[in-house]
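Here is a walk through a structure for someone meeting it for the first time. Keep the sequence beside you and take the stops in order.

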Amino acid sequence: MLQAMNFAILIGAGLIAVSALTSLAAQRAGAPLLLVFLAIGLLAGEDGLLGIEFDSGPTAYFIGTLALSIILFDSGFETPTRSFRAAAGPAITLATIGVVLTTSLVGATAHLLLGIGWLKGLLLGSIVASTDAAAVFFLLRVGGITLRDRVKSTLEIESGSNDPMAIFLTALLADLVVAAPDPSADLGWQLAANFSLQMGLGLLAGVIGGLAIAWLLDRLSDLEAGLYPITALAAALMLVAATALVGGSGFLAAYVAGVVAGNRRVRFAARLRRFQIGMTWLAQIGMFLTLGLLATPSEFGFAILPGLGLAAILIFIARPLAVWLCLLPFGFSARETAFVAWVGLRGAVSILLAILPSLAGVPDGGFYFNIVFIMVLTSLLVQGWTIPLTARRLHQIVPLRSSLVNRVELELPGDTELELVGYRIHPDSAIARGERVPRWARPVLIVRNEHAHSIHNAGPLRPQDEAYLFSSPRRVQILDKIYGSPVEPDDPAIFGDFALQAGTTLAELAHHYGAVVESPTPPETTLGSLLMSKFRNQPAVGDRMTLGPVEIVVRALKEDDSVAKVGVVLAPERRRRLRRWWPWRRLQTRLSVLRPRRQPRRS
Amino acid sequence: MDISDLIKPDHVIARLRATSKKQALQDLAKRAAEITGQPERALFSTLMKRERLGTTGVGNGIAIPHGKLSTLDQLYGLFARLDQPIDFDAIDDRPVDLIFLLLAPESSGADHLKALARVSRLLRDKPTCEKLRGTDDAEALYALLVDTAASWAA
C-alpha cells in the first residue's frame, strides 16, 4: 500500500519536474511549451515509455476543472482595466458571436465531411470553438515578443472569456444528442433562458465574488503571510463551485472575479501574484499532463485523417472567417485581423471538453476525444510554433525600448505605492552623459560587476552599471528616458521615414505626400485627431492607418496618452487588396453605424 | 527611379561650412537657386515651412529636407557633406553632417514619393554613410551615392 503510494508520488512529481525542466530546451527550440507538456503526458501514458494506464475521464475532468479555474482567475487578475478599455468590444464579440460562428462552421464541415448528424457535427464544433487561455497567454507573454497593445488585449481577453461560451454550447449539444430533442417550439426559448441564466449568474457571482475577495484580503492584515495567497485562491475556487452549483457559469465567475479583485488595489498584491504565477504553472502542467495521459495514441488511427482535415478547416477557414466577421465593426486593419485569426490556439480546454460527451453519455464518446486531440495537437504545432514569425511579418511587434532590468513591487503599509526598479545604464542615456536628473530619479544603489555599491562610494556612474532606486509605478516611463537610450526608434518599416508633429493637418500632409482621405474629413483636421478618432482615443505606439499612397503611424504619445508625434511611411508594403474590395468597404460603412460611441476619457 | 536621375555631379557639396540648421538650409537654398533658376527666398521658405511640421533630421546624422514648388519643372536633388556636424533638431538629438535636399514640382505625386523613399533608404544604410563621411571629394561622393544605389537596383 505504502509502496504504491510512494511509487505514485515518485511518478507524479517526476513528470512535473521533467515538464518544468523541459521548458528550458523547448524555449531554445521555440517549441510551444504546452505542446511539450502534452507530449510528455503522452509518452508516459499507456502507449508510451512508462505505460501508465490512466483512463478515468471523470478524474481528468475534475483535475482539468480545478486547473482551469486557477488559470482563469489568474488571467483575470493580471488583466488591467486599461486592456478592457482598449479591447472589450472586439474581444467580447469574439468570445460570444465568434464562438457560435466557429461552432457552426466547423460543425457544418464535420457534418458534410464525416457524414455525421448535424447535432453531432455541431457538438464537435463547439468542443473546439474556444481559444485556450493558457496557450494564448503563455505564447504572447513568454514568447519574447512585445505585441501592439490593442491586438494583445483583444487576444488575451478573448481567450479568457470565451471558455464559458464553449462550455455552455458543448454541454447543451451533448444533452441534445443524448436526449434526441423533441421538436417542440419553445426549445429556442429554453435555450435563451438557460443561456442568460448561466452567463448572468456567472457575471453577477464574479463581480460580487471579486469584490468580496478584495474586501476580505484588505481586512486580513494580521494573517500569517504564507496563508494570505492560499486564502485568496481557496475563496476563488469556492466561488467557482458555488456558482456552478446554483446553475451559473463557474468559469465565467472565476475570470470576472479575477478581473475585479486584480484591479482593486488589494493589499499584498505582489505576494499574491508571485504565488499565483507558481500555481498557474502547476495548473497548466498538471492539466496538460493529465490530458496527455488520458489519451491513447494507438486508438488515434481512424481519427488522424478527419482530425487533420477539420484542423485545417478550423485554422484556415472557420477561425479567419469568424474573426473577420466579428472584427468588421471595430476598424481593425487587414493585418491586425489576420494576426488575431492566426492566434486561435486550441488547447487544454478543448481536450477537456472532449471528455464531456462521454461523461454525458453520448454514444461513441471516444470518437470526439480522439479527433479533438488531433486537432489541438495540429493547432499547437502549426499556429503555436509560428506566432513570433507571424507577428513579425504582419508588423504586430513593437520594439521593446525599455532598459529596465528589474522591478520589484514593495509591500508597504498604507497606500504608498513604491517599486524597487533597476536600470542598466545606456551609454548614450541622459544620466551617462552627465545631464542633471531630478532628485527623485537618482539611484540609491549601483550594481557593478555583480557587486552592490551604495551611491556614496560607487564613484561616477558608468555605462552598463545597474542603477537601483525607489520609484512610484507612474514614474517608470520617465525613468526610462533618463537611464535608457535616447534614440527614437528608427525602423522606418515600423515608425515611418519622417516624423511629423501631431498638429500637422491633412492638407499639409496631402501637399507634401499626396495623402488622401476618402470620407468627408475636413482638410484642416490634424493627424493627431485623425488617429485619435480612428483608434477611439486609445492610440498605442505603432498603430497605423492608410491615407492614399502613404501610411501614418503613431510614433510617440504625450503624458495624457494623446498622440504627440506621427510617422509617415513613404513606401508602405503592398498589403492585401482586401480593403479596397467593394463589399468589404460597403459593409464597413454600414456597420460603422453600429460602432459604440466613443467613451469619455478617464480622468 | 535612380539616384542619378535626381542628382548631377555638380549638385554635390563636399565641404559645406555651416554653424546652424538655418544657415545650412540657406546655403543649400542658394545653391539650389543657381541650379534650378528659382528665387532663393522661395526655396528657403518652402524648406523652412516643411521643417515646422516636424524635423527632417531622420537620425544618425542624416537630414533629408524636402519641399514642393509649383514653378519647378522637374525633381532636383542636392547633396551636402558638412565640415562640422550641426544641430538640426533631429529626432535622435544627434548633430547632422549629411544632408540630401530634394525639391519637387507641385504636380509630381508618385515620383516625389518614390524619390524620397529611395533617398531615405539609401541613407539608412550605415556602411554607405560611413563611406560618405570618410570622403571630402565631390566626385567621389557622387560616385558613392549613385553606385551604391545602382548596386541595389541590380
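Start where two helices meet. The crossing of H4(A) and H8(A) is right-handed. In chain A, H4 covers residues 81–114 and H8 covers residues 163–178. Their axes come within 9 Å and cross at roughly 40°. An angle under 35 degrees would count as roughly parallel. H4(A) and H8(A) are therefore oblique to each other. Bear in mind throughout that this is a predicted model.

Helix H2 of chain A takes in residues 33–44, and helix H16 of chain A takes in residues 365–393. These two pack with their axes 10 Å apart, at an angle of about 140°. Roughly antiparallel would need an angle over 145 degrees. H2(A) and H16(A) are therefore oblique to each other. The crossing of H2(A) and H16(A) is left-handed.

Stay by H16 for a moment. The loop between helix H15 (348–360) and H16 of chain A holds A:Asp364. Phi of A:Asp364 is positive, near 65°, and this residue is not a glycine. Is A:Asp364 buried or exposed? Its relative accessible area is 56%, so A:Asp364 is exposed, the cut-off being over 50%.

A:Glu450 also deserves a look. This residue sits in the loop between strand S3 (445–448) and strand S4 (451–454) of chain A. Phi of A:Glu450 is near 65°, again a positive value in a residue other than glycine. With a relative accessible area of 77%, A:Glu450 is exposed. Follow the chain from there to A:Asp465, 15 residues apart from A:Glu450. The C-alpha atoms of the two are separated by 9.5 Å.

Next comes helix H10 of chain A, residues 227–245.

Which residues of H10(A) are buried? They are A:Tyr228, A:Pro229, A:Ala232, A:Leu233, A:Ala235, A:Ala236, A:Leu239, A:Val240 and A:Thr243. Around the axis they cover an arc of only 155°, which puts them on the same side of H10(A). The spacing has a simple background. An α-helix has 3.6 residues a turn, so residues three or four places apart point the same way. Now look at the face of H10(A) turned away from its buried side. That face carries the exposed residues A:Met238 and A:Leu245. After H10(A) comes A:Gly247, with a positive phi near 100°.

Helix H19 of chain A, residues 506–513, can be read likewise. Its buried residues are A:Leu506, A:Leu509, A:His512 and A:Tyr513. They cover an arc of only 135° around the axis, which puts them on the same side of H19(A). Just after H19(A), A:Gly514 takes a positive phi of about 70°.

Move on to chain B. How many helices and strands does the secondary structure of chain B come to? The count is 6 helices and 6 strands. From the N terminus on, the elements run α-β-α-α-β-β-β-β-β-α-α-α. Chain B has 154 residues, and 56% of them count as buried.

B:Ala24 lies in helix H2 of chain B, residues 21–36. Its relative accessible area is 0%, so B:Ala24 is buried. B:Leu82 is 58 residues apart from B:Ala24 along the chain. The C-alpha atoms of B:Ala24 and B:Leu82 are separated by 8.8 Å.

End with the cysteines. A disulfide is a covalent bond between the sulfur atoms of two cysteines. How many disulfides does the structure hold over all chains? The number is 0. A:Cys326 counts as buried because its relative accessibility is 3%. B:Cys129 is buried too, with a relative accessible area of 4%. Both values fall under the 20% cut-off for buried residues.

Terms used
Residues are numbered from 1 along each chain as its sequence is written. Chains are lettered from A and ligands numbered from 1 in the order in which they are written. This is a predicted model: local features need pLDDT of at least 70, side-chain atom pairs count only at pLDDT 80 or more; totals for chains, interfaces and linings use all residues. Side-chain values use heavy atoms; hydrogens and water are left out. Helices (H or I, at least four residues) and strands (E, at least two) are DSSP runs, numbered from the N terminus. The expected span of a helix is 1.5 Å times one less than its number of residues. Buried means under 20% relative accessible area, exposed over 50%, partly exposed in between (1.4 Å probe, protein chains only). The arc is that of the directions from the helix axis to the C-beta atoms. A disulfide is a pair of cysteine sulfur atoms within 2.5 Å. Axes are lines fitted to C-alpha atoms, for helices over the stretch in contact, and angles run from 0 to 180 degrees between N-to-C directions. Angles under 35 degrees count as roughly parallel, over 145 as roughly antiparallel, 65 to 115 as roughly perpendicular and the rest as oblique. A crossing is left-handed if the near helix is turned anticlockwise from the far one by less than a right angle, and right-handed if clockwise.
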